[in-house]
Amino acid sequence: TAVIHAFAKKGSVDDAAGWLRHMLQHSLKPDYVAYTALINACAKRSDPVGALHWLREITSRNLQPNVVAYSAALKACARAGDQATAEGLLREMLEQKVEPNIVSWTSAIEACAKSVPRCSDEAERLFREMSSAG
C-alpha cells in the first residue's frame, strides 16, 4: 500500500495501478487506502472516468466505499467540471447511507461551477441541501 500511495501521490496512476495488480496477483488484498490513493491520483489528473473505475473496483472487491473514497472521486469530477457525474455520486452516497462531508459537498458544488455551461442553479440547490444537512 505504501508503494501505491507513493506513486499515486506523484500522480503516476499507471505505476500505482500496476502495484495494485501485483498485490492482487499475489493474493494480497488492497485496502481502502490503496484504492483511495488511486482515486486521488485520478483527481489530480482531472480524470473522473479513472476515479470512477477505481471506486467501482472497491465495490467489486465486496467492500463498501467510504466517505473518503467518494470524496476523492467527487474531487476528480470537480476538477473536470463534470457536474452530472458529481451529482450522481452524491446521490449514490446518500442511497448507500454514506454521509457526505464538507469535501463531498463542496466538490459537487465546484463541479457545477466549472461545468460548461455553468450550472449555477444546481450549485445553489446543492448548497441549500448541504446547509440543511448540517
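These are my notebook entries on a few spots I looked up in this predicted model.

**Entry: glutamate 92**
I started with glutamate 92, which sits in helix α6 (residues 83–95). I then looked for partners. Leaving aside residues up to four places away in sequence, glutamate 92 touches Arg56 and Tyr70. With arginine 56 I found a side-chain polar contact of 2.8 Å.

**Entry: α6 against α8**
I stayed on α6 and turned to its packing with helix α8 (residues 120–133). The angle is about 20° and the axes lie 12 Å apart. I therefore note α6 as roughly parallel to α8. The crossing of α6 past α8 is left-handed. From α6, I list Gln83, Glu87, Leu90 and Arg91 in the contact; from α8, Glu122, Arg125, Leu126 and Glu129. I sorted these contact residues into 5 charged, 2 nonpolar and 1 polar.

For reference, most peptide bonds are trans, and most residues other than glycine have a negative phi. I looked up the exceptions.

- Valine 116 and proline 117 are joined by a cis peptide bond, with omega about -5°. I place proline 117 in the loop between α7 (102–114) and α8.
- Serine 27 is not a glycine, yet its phi is positive, about 60°. I find serine 27 in the loop between α2 (13–25) and α3 (32–44). Its relative accessibility is 66%, so I count serine 27 as exposed.
- Asparagine 62 also has a positive phi, near 60°. It belongs to the loop between α4 (48–60) and α5 (67–80). At 74% relative accessibility, I mark asparagine 62 as exposed.

Note on methods. Residues numbered from 1 in each chain as written. Predicted model: local features only at pLDDT ≥ 70, side-chain atom pairs only at ≥ 80, totals over all residues. Heavy atoms only, no water. Helix = DSSP H or I, 4+ residues; strand = E, 2+ residues; numbered from the N terminus. Polar contact = N/O pair within 3.5 Å; in protein donor to acceptor, adjacent residues only side chain to side chain. Contact = heavy atoms within 4.5 Å. Axes fitted to C-alpha atoms, helices over the stretch in contact; angles between N-to-C directions. Parallel < 35°, antiparallel > 145°, perpendicular 65-115°, else oblique. Left-handed = near helix turned anticlockwise from the far one by under 90°. Nonpolar A, V, L, I, M, F, W, Y, C, P; charged D, E, K, R; others polar. Buried < 20%, exposed > 50% of the residue type's maximum accessible area, 1.4 Å probe, protein only.
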